[in-house]
Amino acid sequence: MPREISAGGVVVRRTKGQWWIAVIEPRREDDDKKSHSQSKKAVLALPKGLVDPGETPEQTAVREVREETGVEATLVAKLTDIRYVYVRTWSDKQRVFKIVSFYLLLYRSGRIGNIPENMRHEVKRAFWLPLDEAAQQLTYRGEREPVKLALAYLELHPEELNDAARNPR
């Protein structure tokens with residue numbers, strides 16, 4: 001069984017006394033067929049993608065966040081690895097074992113949803129979602145755990161977020 005290694009980010013931003021995270025709605029094959037897409041519930045996910053050759057998972061998380069959401073973020077800490085098997089639907093229908101490392105990232109700059117043109121085939125939209133609602137609204141069960149871990153991290157280490165904001169890596 002082939003393996004894929006990916007990385008992604010739980011990007012947090014504090015606004016008006018509340019934590020928010022950047023989420024994406026991936027583009028689906030049937031998005032252009034209005035009758036199908038109108039009847040299906042939107043998929044909400046965390047930004048993530050394959051680790052490129054010569055790239056660390058941390059670099060991948062930061063890059064994927066920039067490419068899929070339009071925002072720049074600073075690495076704070078590793079949250080967890082999730083593992084699962086999926087079937088490639090777009091090519092050889094092969095089962096693939098996938099590991100995704102998720103990192104807590106702190107928003108630095110940029111406008112959410114300002115997605116580069118070359119990424120529009122992957123991402124339909126990106127937006128801020130209240131962190132305390134995200135675990136219930138994300139589509140994929142495996143992505144809910146990193147969000148819960150991010151919330152716990154923020155509660156236990158508020159000083160680290162302040163340090164990261166003052167001294168970006």
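A residue is called buried here when its relative accessible area is under 20%, exposed when over 50%, and partly exposed in between (1.4 Å probe, protein chains only). The model described is a predicted one, in which local features need pLDDT of at least 70 and side-chain atom pairs count only at pLDDT 80 or more, while totals for chains, interfaces and linings use all residues. Residues are numbered from 1 along each chain as its sequence is written, and side-chain values use heavy atoms, with hydrogens and water left out.

Let us start with the interior. A nonpolar core is a set of buried Ala, Val, Leu, Ile, Met, Phe, Trp, Tyr and Cys residues joined through side-chain atoms within 4.5 Å. The largest such core has 25 residues, and Val10, Val12, Ile21, Leu46, Leu104 and Val147 have the most contacts inside it. Among the elements giving two or more residues to this core are strand 1 (3-15), strand 5 (95-110) and helix 4 (141-156); helices (H or I, at least four residues) and strands (E, at least two) are DSSP runs, numbered from the N terminus. A second, separate core of 19 residues includes Ala22, Ala61, Val123 and Ala126.

Charged pairs come next. Taking a salt bridge as a side-chain nitrogen of Lys or Arg within 4 Å of a carboxyl oxygen of Asp or Glu, the count comes to 12. In one of these, Glu4 meets Lys98 at 3.3 Å, N to O. Glu4 lies in strand 1 and Lys98 in strand 5, so this pair ties together parts 94 residues apart in sequence. Glu4 is buried at 11% relative accessible area, and Lys98 is buried at 13%. Glu55 and Arg63, likewise both buried, form a salt bridge whose closest N and O atoms are 2.7 Å apart. These two residues also belong to a network of salt bridges with Asp52, Glu64 and Glu67. The bridge between Glu72 and Arg66 spans 3.9 Å, N to O; Glu72 is partly exposed at 32%, as is Arg66 at 33%.

Finally, the open space. A pocket is an open set of points on a 1 Å grid over the protein atoms alone, with protein on both sides within 12 Å along at least five of seven lines, and its lining residues have an atom within 4 Å of a point. The largest pocket holds about 1,200 Å³, a volume being the space filled by probe spheres set on the points. Of its 30 lining residues, Pro26, Lys48, Tyr86, Trp90 and Tyr140 lie nearest the centre. Strand 4 gives the most to this lining, with 5 residues.

Notes:
On a 1 Å grid over the protein atoms alone, a cavity is a set of points where a 1.4 Å probe fits but cannot get out, and a pocket is an open set with protein on both sides within 12 Å along at least five of seven lines; lining residues have an atom within 4 Å of a point.
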